[in-house]
Amino acid sequence: MKRKSVSMLAALMLFASVAGQGFGQDAAGAASSRGNEGKTESQGGTKPVFANVSVHDPSIVKDGDTYYVFGSHIEAAKSKDLQNWTRFTNGYTTPGNTLYGDLSKNLAESFAWAGENDSDSKGGFSVWAPEVFWNNDYVNADGTKGAYMIYYCTSSTYIRSAIGYAVSQNIEGPYKDVGTLVYSGFTRDDAKDKDSQVNKKWTNTNIRKLIEGGTLSGANDRWFNPDGSYANGTYPNAIDPNLFRDKDGKLWMSYGSWSGGIFVLQVDDKTGKVIYPGKDGKTADGRLIDRYFGTKIAGGFGKSGEGPYVIYDKETGYYYLYVTYGWLGADGGYNMRVFRSKNPDGPYLDAGGQNAVLPADTDNAPYGNKLMGNYLFQRDVGDPGTGIGVGYVSSGHNSVLIDERTGKRFLVFHTRFPNMGEAHELRVHQIFMNGEGWPVVAPYRYTGETLQKVDRQELIGEYKFINYGKETSPAIQKARYIRLDKNNAISGDVTGTWKKTAHNEAELTLGGKVYSGVFVSEWDPVSERRVMTFTASSHEGEAVWGSKLEEQTDKQIVQAVYQDLNLGDTTKVVSDLVLPAEGTRHTAIAWESSDPTVVSAKGEIRRPEEGSAVTAVLTATITRGKEKQTKRFDITVLPHVKAKLQARYGFDGSLAEESGRFEVGTVSGDRIDKTGGSITFADGKNGQAARFDGKSGIRLPKGLIASHTYSVSLWVKPEELTTYTPTFFGAKDSEHWVSLVPRGPVKDNTMVWSGSASWYDGPAGMTVPAGDWTHLAFSVDRGTLTVYVNGVQKFKGANFPDVFSGGDAAFSLGVNWWDAPFKGLIDDLRIYDGALTPAQAAELPNLKS
């Protein structure tokens, strides 16, 4: 159920390109498990440099010595080495669009059906997931041959979409539209979606002309449910086109999304047009062939499965179908799967022989070889490096490149990151083929490595270990510890046996399952050295990864934990402390407190309501085997200090600030930087309230908040709940902002949401109701965020960004630069200098003046 509620969010996040290591932390390896003899690369090595970009749904193509990725929301980037990327597009700019010139005019045919400021794409465009390639056989309008072709999709709802194509003599564009090929979401009779003027009747697609031209005999009654709506449980959402050539050079297009599944059509490479089957039928193995949509190759029954990418691998003789399961948000468990076939139109099977086309309305998690899901090679206390470790969240919508020059295979995808909210970046990992011809993915991102001969002695030792299983889940698989022993046993958190076959092939037997893959030396960005890794897959389609640790004695490990153990600044404690119970390699850490009334052995603090600070001592005892050390931390807990009211906007018939310390609020249009709106007043919670009509906002004066310790309080009565719509909003710039939203991106929770170098989610665990008054408040106390609903604490978290120190931030109510404006009532906005005490927060909903 892809993207619909995140299209504007994704567009917003596209500015999040950063140089250097970026959000993630990872690395990679090389080509096939056969050949490439020689010595393994030594430990250490030069630290790789990355320049990262945010390109969602990336499709990769190599042109000369340059790699290109093209993605959703008209984003694209290029690189010479798959590590340092440069964006060259300008998003939805029109006219003067880098890829499409006059975007509105050029894609008018597709936009007439879906995507331009229509329905779910209201407020912008929805151009997604293109594929670009050079076609020697394409016949241009002037009769010459050869063109770069871009196949794109536009979309307005979860089923009303269209796939079109355009051509150019320059890979970077601009591309001239040729036509629209496949429509979806049409109805039997006249019908319109909410916020749309498009008549969805099937006769408004290209199907009518195909019938008139004799390509189709007529409309298919099975395209429609009994009520005339589109039968999306069987037929596809026309998005995510992928073009590939079969072993004979014929051109094909796979496409489709979660509802009715993934389909494939042959393409006339001289014209770029798809070749419709013309009549309905079934394949030899019983799969659907539709006269218009083509042959079904995966999914169905409304089960998530999208972003298809098919590629023929001449070394193995198989066509590989990559798809992504789950929801793309950080909480959605997006994960990549693979099937294979001897034929371009299937059947595509997984390692267990299961067909990619679902047999019934059933859970799809058991189907497909899982390549990657949510994971974290966590950096435990005592491990080298900094940060939380190496991890991805909701990785997916991949493409694959087999580099003709090097023979290396690459998996190219977008990913989010643990504790980073919805921010996403492009990643490239190398693919290897295991001994059974199935793809396995390098644990770390690509840094130029080549698969080489490994020495058995280098493989013996302790590893961090990930087993992805088969589930689609938002849970993050954290690493466990195993050891590959010299006697070929596997000990530790998981037991079994292991062996090296050929020059670099790995075989592990765990829990009665055999995993086949490779050993490869890669760059670990946390320890900043080259380490031995393994990647392997089982007959059940489960993937496992391992990353080798440096050999250390118990004494060395305890000393490393001792040196690394840190509680931060303990001289001004205002919130509970996180006391780790375990360090690296299961090193035990036990805690004792000199005064549990100040701080408990679990790190719980009790702040005095007022008066002086209180102190205590926490002592950590670190133990591994017979080795033991203790470490002392002096703790000073600060008392609560009542926050001081800085400003109040009561909205009793005006936008004045009541103390006179700040300027009057001013009316804005539907964005913070627009004019032309209208704010009226109505009965509120306390006197009158400001009424927002869904087209207007209120700009508040700069300097309202100018420190990293502050509180915001207001009453809100939404008339409707729309995702991302702010009540209170403050921003230093478009990359550093704080928003209090009635319905946010985390399970529709009411939340405080922040974007900066990293993203922060502070969900309340509930959603305020429409049509009722609710009191919302939040405090930021030097990095500690606390969120209150009706005076009750609903969220508390550390490491909230400091956005407002310096005093030049812009503030508003009901609007920001990107999202749908607020519609409803807001009353009694209060801004405080300092963090609310629990007593203050509980009292706020009862204040009358």
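The largest nonpolar core of this predicted model has 42 residues. Those with the most contacts inside it are Tyr151, Val182, Phe186, Met253, Tyr292 and Phe293. Several elements give two or more residues to this core: strand 5 (127–139), strand 6 (145–155), strand 7 (161–168), strand 8 (176–184), helix 4 (207–212), strand 10 (251–257) and strand 11 (261–267).

**Strands 7 and 8**

Strand 8 is largely enclosed by the rest of the structure, because seven of its nine residues are buried. Strand 7 and strand 8 pair in the antiparallel sense, over seven bridges. Val167 stands opposite Lys176 in strand 8. The loop between strand 7 and strand 8 holds Pro174. A cis peptide bond joins Gly173 to this proline, with omega about 5°.

Four strands form an open sheet in the order 16-17-18-19, with antiparallel pairing. Strand 16 (306–313) and strand 19 (369–372) are the edge strands, and each pairs on one side only. Neighbouring strands of this sheet are turned by 30° against each other on average, direction ignored. Strand 18 (residues 335–341) is joined to strand 19 by three bridges. Met336 stands opposite Met372 in strand 19.

**Backbone exceptions**

Most residues other than glycine have a negative phi, and most peptide bonds are trans.

| Site | Feature | Angle |
|---|---|---|
| Thr94 to Pro95 | cis peptide bond | omega near -5° |
| Gly173 to Pro174 | cis peptide bond | omega about 5° |
| Ile74 | positive phi | phi about 55° |
| Asn488 | positive phi | phi about 70° |

Pro95 lies in the loop between strand 4 (86–87) and helix 2 (103–106). Ile74 is found in the loop between strand 2 (66–71) and strand 3 (75–79). Asn488 is found in the loop between strand 27 (480–484) and strand 28 (489–492).

Asn488 has 25% relative accessibility, so it counts as partly exposed.

Technical notes: Residues numbered from 1 in each chain as written. Predicted model: local features only at pLDDT ≥ 70, side-chain atom pairs only at ≥ 80, totals over all residues. Heavy atoms only, no water. Core = buried A, V, L, I, M, F, W, Y, C linked by side-chain atoms within 4.5 Å. Buried < 20%, exposed > 50% of the residue type's maximum accessible area, 1.4 Å probe, protein only. Pairing = 2+ DSSP bridges. Axes fitted to C-alpha atoms, helices over the stretch in contact; angles between N-to-C directions.
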